[in-house]
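Keep the structure open alongside as you read.

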Amino acid sequence: MTTQHKSTSHLFGTNAPFIEEQYENYLADPASVSDTWRAYFDALQAQSGAVVRDVAHGPVIAAFAEMAKRGPVRTVAPEGDDKLQVSTLQLINAYRFLGNRWANLDPLKRTERPHIAELEPSYYGFTEADLSRSFNTGSFHGFSTEHASLREILEAVRQTYCGAVGSEYMYIADIAQKRWIQSRLESVRATPKFDAAKKKRILERTTAAETLERYLHTRYVGQKRFSLEGGESTIVAMDELIRVAGGLGAQEIVIGMAHRGRLNVL
């Protein structure tokens, strides 16, 4: 430790301004410093992870000082149509984030859906007259053209994110994964269309799950068990997941879940 301290002690304390000056001179012209300092700075440049070529710090510091003298940079707020266009994209994004909180998840209508201000056009400054105006739909996948009326956009995002299925995925950090989910949800408004064969298979799997549930209820009356009640669609989803994955070449599927969920799936 003593040896290490001796070999680096010149880099600290009052020597810092001198070393900074030497490094600035080295960046401008390596030949302007002594052989010892040039060898030292060359070794720093050769270290793993170092930038290919550093730049002098003096001009950068001076540029920041000049910017500070000019005061804060003011941004000009968009006006008119530009402001409403930005608000349209904000509204679409709000439904991606919060639409699941306003989804129609209670078929018995026992509780009212909460009021979420961010899902109302008026929150972004829209009026009734703006519903017929056309705006760019941005990255929303639910239209064949890049523009649609605000009324059509509002209908599309509500069908996609506020229907009988609530979608929550915007927390995902990987942008490609989010775009993948968005394209599949928004292109069909969260309501995929199946052919007759697929519908029959869904019905068959759901009926099989319900039939097994009733058999267990009558065969083992009073016995402790974990019901599938309300989760029959899980069987259909897993059946489709495994079939598609197998068709794409998957050889093994590992499913992690809670103990209770494991029994239901089994």
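1. Start with the pairing of helix 5 (residues 81-98) and helix 6 (residues 150-161): in this predicted model, their axes sit 9 Å apart and meet at an angle of about 15°. That angle is under the 35 degrees cut-off, so helix 5 counts as roughly parallel to helix 6. The crossing of the two is right-handed.

2. Who makes that contact? On the helix 5 side, look for Thr-88, Leu-91, Ile-92, Tyr-95 and Arg-96. Helix 6 brings Leu-150, Ile-153, Leu-154, Val-157, Arg-158 and Tyr-161. Sorted by class, the contact of helix 5 with helix 6 has eight nonpolar residues, two charged and one polar.

3. Next, have a look at Gln-182, which is part of helix 7 (residues 175-186). Its relative accessibility is 1%, so Gln-182 counts as buried. The side chain of Gln-182 also makes a polar contact with the side chain of Arg-179, at 3.3 Å.

4. Leaving out residues up to four places away in sequence, what does Gln-182 touch? The list is Arg-96, Ser-139, His-141, Tyr-161, Tyr-169, Met-170 and Ser-187.

5. Last one: is Asp-35 buried or exposed? Asp-35, found in helix 3 (residues 35-46), has a relative accessible area of 56%, so it is exposed. Its side chain makes a polar contact of 2.3 Å with the side chain of Arg-38.

Terms used: Residues are numbered from 1 along each chain as its sequence is written. This is a predicted model: local features need pLDDT of at least 70, side-chain atom pairs count only at pLDDT 80 or more; totals for chains, interfaces and linings use all residues. Side-chain values use heavy atoms; hydrogens and water are left out. Axes are lines fitted to C-alpha atoms, for helices over the stretch in contact, and angles run from 0 to 180 degrees between N-to-C directions. Helices (H or I, at least four residues) and strands (E, at least two) are DSSP runs, numbered from the N terminus. Angles under 35 degrees count as roughly parallel, over 145 as roughly antiparallel, 65 to 115 as roughly perpendicular and the rest as oblique. A crossing is left-handed if the near helix is turned anticlockwise from the far one by less than a right angle, and right-handed if clockwise. Contact means heavy atoms within 4.5 Å. Ala, Val, Leu, Ile, Met, Phe, Trp, Tyr, Cys and Pro count as nonpolar, Asp, Glu, Lys and Arg as charged, and the others, Gly among them, as polar. Buried means under 20% relative accessible area, exposed over 50%, partly exposed in between (1.4 Å probe, protein chains only). A polar contact is a pair of N or O atoms within 3.5 Å; within protein, one must be able to donate a hydrogen and the other to accept it, and residues adjacent in sequence count only if both atoms are side-chain atoms.
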